[in-house]
Amino acid sequence: MLTVEDILADGGSVSRRLEGYESRQPQLDMANAVARAIADKRHLVVEAGTGVGKSLGYMVPAILSLEANQSATSESETKRRIVVSTNTISLQEQLVNKDLPLLNSVIPLEFSAVLAKGRGNYVSLRRLADARKNAGLLFSSEGEASQLDPINAWSGETADGSRSDLPVRVLPQVWDEIRSDTSNCLGRKCPRHSDCFYYSARQRLQNADILVVNHALFFTDLALRRLGVNLLPDYQCVILDEAHTVADVASDHLGLGVTMGQIDFTLSRLYNNRSNKGLLVVHDLGDAQKLVVKCTLAANEFFGDIQGWVERTAGNANRKSNTYRVNKPGIVANRLSKLMNQLADRVALAAEDIKSPAAKQNLVSASDRLTALSGSIEQWRKQEIEDCVYWVESSFRRSGKQHIGLMAAPVDVGPLIRENLFDKVDSVIMASATIAVGESSFDFFRNRVGLTRGDNLKLGSPFNYQEQAELIVVHGMANPSTNRDVHERQCIDAIRHYVDRTDGNAFVLFTSYEFLKRAERDLRSWMIERDYGIFSQASGVARSQLLDQFKESPRSVLFGTASFWQGVDVQGDSLQNVIITKLPFSVPDQPLLQARLDSIRESGGNPFNEYQLPEAVIKFKQGFGRLIRSKSDSGIVVVLDPRIRTKPYGRVFISSLPKCKVVQEPLPS
Ligand code: SF4
């Protein structure tokens, strides 16, 4: 029987294949712990510091555990399936394009691995043909209809029929009309079933030993399993990488969300009053078209009432976050759901008279969608889902269009994850570089995801932080929570000083977008004078583009907020300095966070110690972790928040970091 040492130790198959590969003890420890957890059907949480090589650390034992599949003769016998879920596309790409092909070539076991995508990512050949046939009546503009011919040509050549393979950017209203959709599928009765992209992908999933998915798809599947439906085939083991994001992603998918845009989109796809186009025009359903007009008016009235409620409530809510907590059911009346149900019934009735199965299904699907949306609105309005917090999102998009969202999410997602995942699956492995708080407490993470059983493992980084990194704590700074203006002015001076120290090559991390913009404005002319490159999140340039430009431009400084604190990898001299302007405590201005803190308080706990502090420590670790990405990286992390030194909790931040040199310096004059 093969062991992880055979593959990962010095002289093992991976090192024989990869030039320069050195086995790492933490990686071997991780691989052995994962192998034991899978064999013993236990859950495991692993914090593996930067450089451990955690993807191989879990992938090798996962593949070896499939050895039993080699002798399985039928699906029902012992065939095991493993799901590997990540939060980011970049990690999925690394697994699918790099790690899995490598392991397939060095591990003498037959296994198949497939990247799973949500159903809506695949084009439906039957719907595409229908859309082309009725394009003149379905689409409001020439631009929309003109996309169909190139898509049709592509559908004859593409290998997997998924949207990411499309060479053109398809308009959302066009894709909605041609994508594969559960409620608008004829299944085996479909004339295109034999060459259907979605069903081929599904077959590949059924046959695969390893499914690579993203957290969004994984938790959508988990939420649907509660209703007896599943998108993914059954599995016995799950590996959740980037596990620090799991609770938030689960919360997004186990709640509720209906937007004004969704209602508008659904109604106008049925009948667009201005252009006289839509599905109901295709079927010449004049009375249903009139109902759409009534629904549109009712939707305007309903969301207008919601906006009125927002404006009346805005005095006590946080305008900055554009979110308004709804503490009681029935804040507005709802004529809309009733009318949408009438429309759904009318469309379903029309479907009964139609002979063509495809045309019938188009109408049945439209009817189902109306019923689901009207149900969600009423569920939200009456606050029917228990243990959730409800809120309204209200803002204006850059385009000037108003956005109103009716949202609900579980206050505590832990019990739901426990009941639907930990209690149902043999072994769940959760890995991340940032899970533990302080020396080695996993409590915050475990509480958030609802894990009450299984083991923890903390593995340090193989990098020599004592030699490679220096943490500089600046004293003499004002407290940002009580003296914000002075702190911000001092930060500007300190940023100048420390950017000069490493001749640029720095990230400046902020917790507030407003302060980022002010700092960039105040420092811009000074930076231009000194010929530093300036890259800022406030420029509106996409994160990946900003990063690529930063990496290619020596002596540059990047100003970033939340998304730059984590998941950003800059190796080499381009990044030698990470300046942290403020400890990343969340401001409790979001209804969900407020509700979580209230719930801890109500049960006699301390919201700061139990939630805000550990959450901030994990974000701080992520920010610190941007500096050292390889064995040859070195540099400084500068903290401009005095609370890390003056408050008792400050030491939790420092003790959570890898052991490195800590120096105190006075505020530069
Ligand atoms: S089987 Fe379903 S998804 Fe596939 S082409 Fe037919 S209708 Fe579309």
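I call two strands paired if DSSP finds at least two bridges between them. Helices (H or I, at least four residues) and strands (E, at least two) are DSSP runs, numbered from the N terminus.

Ground rules first. This is a predicted model, where local features need pLDDT of at least 70, side-chain atom pairs count only at pLDDT 80 or more, and totals for chains, interfaces and linings use all residues. Residues are numbered from 1 along each chain as its sequence is written.

**Entry 1, sheet.** I traced an open sheet of seven strands with parallel pairing, in the order S14-S15-S13-S16-S17-S12-S18. Its edge strands are S14 (533–536) and S18 (661–666), each pairing on one side only. Then I checked one pair. S13 (residues 506–509) and S15 (residues 556–560) run parallel and are joined by four bridges. Valine 508 stands opposite phenylalanine 559 in S15. Helix H24 (residues 513–529) packs on the sheet and touches S14 and S15. The direction of H24 makes about 165° with that of S15. For contact, I take C-beta atoms, placed from the backbone, within 7 Å.

Axes here are lines fitted to C-alpha atoms, for helices over the stretch in contact, and angles run from 0 to 180 degrees between N-to-C directions. How do H15 (residues 260–270) and H17 (residues 286–313) cross? Their axes come within 10 Å and cross at roughly 170°. That makes H15 roughly antiparallel to H17 (over 145 degrees counts as such). On H15, the contact is made by Met260, Ile263, Asp264, Leu267 and Leu270. H17 brings Val292, Cys295, Thr296, Ala299 and Phe303. By class, I get eight nonpolar, one polar and one charged. The classes: Ala, Val, Leu, Ile, Met, Phe, Trp, Tyr, Cys and Pro are nonpolar, Asp, Glu, Lys and Arg charged, and the others, Gly among them, polar.

Bounds come from an automatic or database domain assignment. I noted domain 1 (4–112 + 208–248 + 413–459) and domain 4 (465–666), among others. Their centres, taken over C-alpha atoms, are 30 Å apart. Eleven residues of domain 1 and 13 residues of domain 4 make the contact. The domain 1 side divides into four nonpolar, six polar and one charged.

Methods: Contact = placed C-beta atoms within 7 Å. Parallel < 35°, antiparallel > 145°, perpendicular 65-115°, else oblique.
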